[in-house]
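Have your viewer ready and try each task before reading on.

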Amino acid sequence: MASQAPVYHDPIFGELSRILGLQVANAQMSFSEGVQHTILEAIEARQAKVDSLLGAISELRTLYNRTSPISILPPELLTVVFLYATSDGEGNADIISISRVCRHWRDSSLQTPALWTRILLDHPAGIEAFLERSRPLPAYIAFKTSYEPATATLRLIGTEAHRLRSLKIKILPMLGTRVKNIMNRVKFAAPMLEELVVENESALRRPNRDLETLPGPDEFSGVPSLRTLTLISAPLTYVPAGTNLLVNLKLHYTIPHPIVLFKLLQNSSQLETLSLRGSFDRTGEGIIHHVHLSNLKTLQIDTFPPAGIANILSNLMMPAVMLITIQVSMDITETFELAFPVGVPEPSFGLGCLGRLQRMVLFWSAPHGLNLRAYANADDDLCTPALSIQGINMVTEPGRRFLADWPFDASGIQAIDICGDYFIAMDCGEHTQVERHWWLEMLQGLPELKVLRVMAMDERDAFGMIEPLSRVTLSETLCPKLETLELFDIVPASKEFAMRVYDIVAHRGVCPSDETRVLKTVELFNAGDLKGVVDTMGLPNGCDVEILQE
């Protein structure tokens, strides 16, 4: 028996009549007689009306927007507003939002290439869209290798390399990303490129053995305008050919062989900032290749082993007005002295470029290592030091090269602050006694010293330091210009220590009648009872030293 088509009864026709607003015949109607066809026609007719209304609403909104004050502005002024609104953004969200406000704003933004030149996107489609909209202006791109393969994104960027002004790449630790492949793709001709930054997060702060197998860098003339080069855990695959325009150079965790490094520096005569961090190739120790960097303003070195620092410093000729920061990382067999060539270097070479510094700060402790800071002026309390050196070792032991015989000219030092490790040593149980003869050698190297501050020091160390100042036979040759002596937190500060301070006051507070009294002030805080000794013994005639004690 043949199958029978479905039959629709009264409820369907009732609903259909209500929706259509028409009387539908109340009779049996099979599928073949077009119930569904009737419904579809009704849907299409109403959708057409909806589309028409939506179009009309859109046009009305456009007309409404045209009457707002900002829409009355000429396109040139509106563009200025957009440029200002997007100038401080850290990403591209601002310009994307602006282009979606209304048709007028979108048309204005798309017709302004300058709004799309800063490309801070990761997806290839977004980068491609921004590159197209920014033509023909210079482009500034920063992206992460979030989408594989990253070389495809670099290939896309390479098509617009002729107008790249800045390129920053962050290589994420993702499966399939090879640093070598990415660095090879970066090597494209970019005549306008001024800044190149490559940061490899997958190998950050640890050696990357894969990079060590890479061949040495090639000379490449495709980036003649490069001024800033930053490579962090990324290999130096090429160097600018011949003399270049580099102003800022940062090589972290992948320092090239010294021969390559010194050649690059030799061709970078306009260099102002140099930052080197990572392992120094031991095969390059002892290489002599003098490099003159007459425009250098900031030098940062953090290399291992310490002899690498000595090698770098001994080959650099630098100007006097600059800032130098050095971190010396040492293993248990190495010392602070290995980082600095013996004696004071010649003027302009190494730390000799700093000239006669006027203030120095020394402090040390087990967790913070050995710290030396030197300033150009005696009153530079709040200024950045001209020289900052930190020595990190498993055993913190202030030795001769740290306490005396400094690797720079200290003959002009007028103020020195010395902070020991007494209180920190009490907590961690590590304290190293300073050999007394180093204190004498320190004071002998400070002929212009006027202010001496000693803080947080074990009494044995403090006693060994001030004892030479109390000797009558040395008062005219050892720090003869000393005016102020400040002692803070000397523990336990016995009577014997106070007596030694008294001897300094008595011997240095009185001068021959034809000379001006030199020592003027002695200040103590938790450093013994000097006033008690003075009350007992009195002061020599003509001694008018001001004693401040708490």
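**Exercise 1.** How do H15 and H16 lie relative to each other?

*Before you start.* This is a predicted model, in which local features need pLDDT of at least 70 and side-chain atom pairs count only at pLDDT 80 or more, while totals for chains, interfaces and linings use all residues. Residues are numbered from 1 along each chain as its sequence is written, and side-chain values use heavy atoms, with hydrogens and water left out.

*Solution.* 
- Step 1: find the elements. H15 covers residues 436-444 and H16 residues 459-466; helices (H or I, at least four residues) and strands (E, at least two) are DSSP runs, numbered from the N terminus.
- Step 2: take the axes. They come within 8 Å and cross at roughly 40 degrees. Axes are lines fitted to C-alpha atoms, for helices over the stretch in contact, and angles run from 0 to 180 degrees between N-to-C directions.
- Step 3: classify. H15 and H16 are therefore oblique to each other (under 35 degrees is roughly parallel, over 145 roughly antiparallel, 65 to 115 roughly perpendicular, the rest oblique).
- Step 4: list the contact (heavy atoms within 4.5 Å). Arg436, Trp439 and Leu443 of H15 meet Arg460, Asp461, Phe463, Gly464 and Met465 of H16.
- Step 5: sort these residues. There are 4 nonpolar, 1 polar and 3 charged (Ala, Val, Leu, Ile, Met, Phe, Trp, Tyr, Cys and Pro count as nonpolar, Asp, Glu, Lys and Arg as charged, and the others, Gly among them, as polar).

**Exercise 2.** Work out how many residues of H16 are buried, and what they pack against.

*Solution.* 
- Step 1: count. In H16, 7 of its 8 residues are buried (under 20% relative accessible area; exposed is over 50% and partly exposed in between, with a 1.4 Å probe and protein chains only).
- Step 2: name them. They are Glu459, Asp461, Ala462, Phe463, Gly464, Met465 and Ile466.
- Step 3: look for partners. These residues pack against strands E19 (415-419), E20 (451-458) and E21 (484-491), and against H15 and helix H17 (495-508).

**Exercise 3.** Describe the packing of H17 with H18 (residues 530-537).

*Solution.* 
- Step 1: get the geometry. The axes are 9 Å apart, at an angle of about 65 degrees.
- Step 2: list the residues. Ala498, Met499, Val501, Tyr502 and Val505 in H17 meet Leu530, Val533, Val534 and Met537 in H18.
- Step 3: sort them. The contact has 9 nonpolar, no polar and no charged residues.

**Exercise 4.** What kind of aromatic pair do Phe82 and Trp105 form?

*Solution.* 
- Step 1: The structure holds 7 aromatic pairs (rings of Phe, Tyr and Trp, with its six-membered ring, pair if their centres lie within 6.5 Å; planes under 30 degrees apart count as stacked, over 60 as edge-to-face and the rest as tilted).
- Step 2: apply the cut-offs. The ring centres of Phe82 and Trp105 are 5.1 Å apart and the planes are at 65 degrees, so the pair is edge-to-face.
- Step 3: Phe82 is in helix H4 (residues 75-85) and Trp105 in helix H6 (residues 103-110), so the pair ties together parts that are 23 residues apart in sequence.
- Step 4: check burial. Phe82 is buried at 2% relative accessible area, and Trp105 is buried at 17%.
- Step 5: look around. Ser109 is also in helix H6, and Phe82 is among the residues that Ser109 touches.

Terms used. Lists of a residue's contacts leave out its neighbours within four places in sequence.
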